[in-house]
Amino acid sequence: MNLSFTNLTVISHRDSFDKAVTKNVVVVALSISINYINVNLIHTFRRHQIFYMNPRYILFIHLVVNDMIQLTMTILLFLISYTLHTISASLCGILILLAVCTTENTPLNLACMAVECYIAVSFPLRHTQICTVKKTHILIGLIWVMTILSVLPDLLFTLATEPLDFFHTRVFCLRETVFPNPSIHKKRNISYIILLVIVWLIILCTYARILFTAKGACKNAKKARNTILLHGFQLLLCMAIYVDPLIKSALKYWFPEHHADSLFACYITIIILPRSISPIIYGLRDKTFRRYLKKYLLCKVNTK
């Protein structure tokens with residue numbers, strides 16, 4: 001399992017100028033479109049108390065903000081690989097660490113959203129006591145603490161083993177170039193496996209309990225069951241990034257003459273498009289959020 005975001009894009013030297021420009025325009029256009037939708041979702045969230053006082057919407061908007069940061073970091077790394085080619089190892093390390101943290105945040109956030117759905121269906125009378133705004137903010141803080149602690153050993157180990165001059169050199173920005181020790185790679189793979197197993201167990205358990213509740217033909221239970229299924233689908237998309245080396249090897253074997261283009265398609269499919277899933281699944285699918293978002297967008301159009 002590999003989390004080198006620019007691994008999919010170490011192909012700039014193989015592209016013609018026109019093709020390189022086209023790829024960068026496509027990437028930037030997609031990122032602007034996705035982030036524009038996300039910004040409108042965030043603005044709608046901040047304007048209405050019904051959202052920012054609801055733990056479910058707080059977790060959702062944290063997922064949206066997290067996706068925006070992750071998308072911005074990966075796009076920035078993509079553009080750097082084509083324009084600057086190399087940057088200082090210290091700056092590269094900061095960008096990589098932020099991208100890695102936000103990537104690991106996503107499955108943890110999905111697990112928390114699944115648990116919140118389970119509590120809402122299984123303990124409706126105690127839901128407001130268990131899931132409070134304060135507890136939700138603490139939970140989001142814990143998510144960040146966990147992901148930071150998972151990557152902090154990589155940074156500390158590299159600081160201890162690499163000479164200080166290394167951090168002033170210019171490198172092609174990959175995770176392997178700034179954290180080159182093989183022990184770090186082994187630790188990373190083990191931590192990813194543990195993380196994904198725990199998250200999958202949470203989602204499967206909550207789905208099973210909600211499925212049992214849904215047999216009573218409860219409308220909220222059925223809606224929660226469908227939401228958990230969507231959590232699982234999004235988690236599958238998140239997992240694709242961990243198996244990108246296998247995908248790249250298969251693409252190189254099947255399309256040796258179009259390897260650079262297939263890597264770009266892989267980058268779009270695995271890195272960028274999953275970032276558009278959150279606003280579609282949770283923002284536009286939710287009737288309440290959709291209604292307020294529609295009002296906000298109509299107001300924007302009328303004021304122009």
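Predicted model: local features only at pLDDT ≥ 70, side-chain atom pairs only at ≥ 80, totals over all residues.
Residues are numbered from 1 along each chain as its sequence is written, and side-chain values use heavy atoms, with hydrogens and water left out.

First, the chain as a whole. There are 13 helices and two strands in the protein chain. Both are DSSP runs numbered from the N terminus: helices are H or I with at least four residues, strands are E with at least two. Of the 304 residues, 47% count as buried. Buried means under 20% relative accessible area, exposed means over 50%, and partly exposed is in between, with a 1.4 Å probe and protein chains only. A contact means heavy atoms within 4.5 Å. Among contacts with a separation of 6 or more, 81% are between residues 24 or more positions apart.

Next, the empty space. Rolling a probe the size of a water molecule over the atoms shows where empty space is left. A cavity, on a 1 Å grid over the protein atoms alone, is a set of points where a 1.4 Å probe fits but cannot get out, and lining residues have an atom within 4 Å of a point. Grid points are joined across faces, edges and corners, and a volume is the space filled by probe spheres set on the points. How many cavities of 30 Å³ or more are there? The count comes to one. The largest cavity holds about 70 Å³ of space.

Its lining consists of Gln-70, Thr-103, Thr-106, Leu-237, Cys-238, Ile-241, Ile-270, Ile-271 and Arg-275. At least two lining residues come from each of H4, helix H9 (219-240) and helix H11 (259-272). By type, the lining has five nonpolar residues, three polar and one charged. Ala, Val, Leu, Ile, Met, Phe, Trp, Tyr, Cys and Pro count as nonpolar, Asp, Glu, Lys and Arg as charged, and the others, Gly among them, as polar.

Is Arg-275 buried or exposed? Arg-275 counts as buried, because its relative accessibility is 6%. Leaving out residues up to four places away in sequence, Arg-275 touches Ile-34, Asn-38, Asp-67, Gln-70, Leu-71, Thr-106 and Cys-238. Asn-38 is 237 residues from Arg-275 along the chain, with their C-alpha atoms separated by 9.8 Å.

H11 also contains Leu-263. Leu-263 is buried at 5% relative accessibility. Its C-alpha atom is 6.8 Å from that of Lys-248, 15 residues away along the chain.

Glu-116 lies in helix H4 (residues 89-122) and is buried, with a relative accessible area of 4%. Its side chain makes a polar contact of 2.7 Å with the side chain of His-127. Beyond four places in sequence, Glu-116 touches Arg-56, Leu-59, His-127 and Cys-131.

Arg-175 belongs to helix H7 (residues 175-178). Arg-175 is also buried, at 3%, and its side chain is joined to that of Asp-154 by a polar contact of 3.0 Å.

Last, two partly exposed residues. Val-145, in helix H6 (residues 133-161), has 42% relative accessibility and so counts as partly exposed. Val-145 and Asn-105 are 40 residues apart in sequence and 9.9 Å apart, C-alpha to C-alpha.

His-85 is in the loop between helix H3 (55-82) and strand E1 (87-88), and at 37% counts as partly exposed. Most residues other than glycine have a negative phi. His-85 is not a glycine, yet its phi is positive, about 70°.

Note on methods:
Polar contact = N/O pair within 3.5 Å; in protein donor to acceptor, adjacent residues only side chain to side chain. 1 Å grid on protein atoms, 1.4 Å probe; cavity = no way out; pocket = protein on both sides within 12 Å on 5 of 7 lines; lining within 4 Å.
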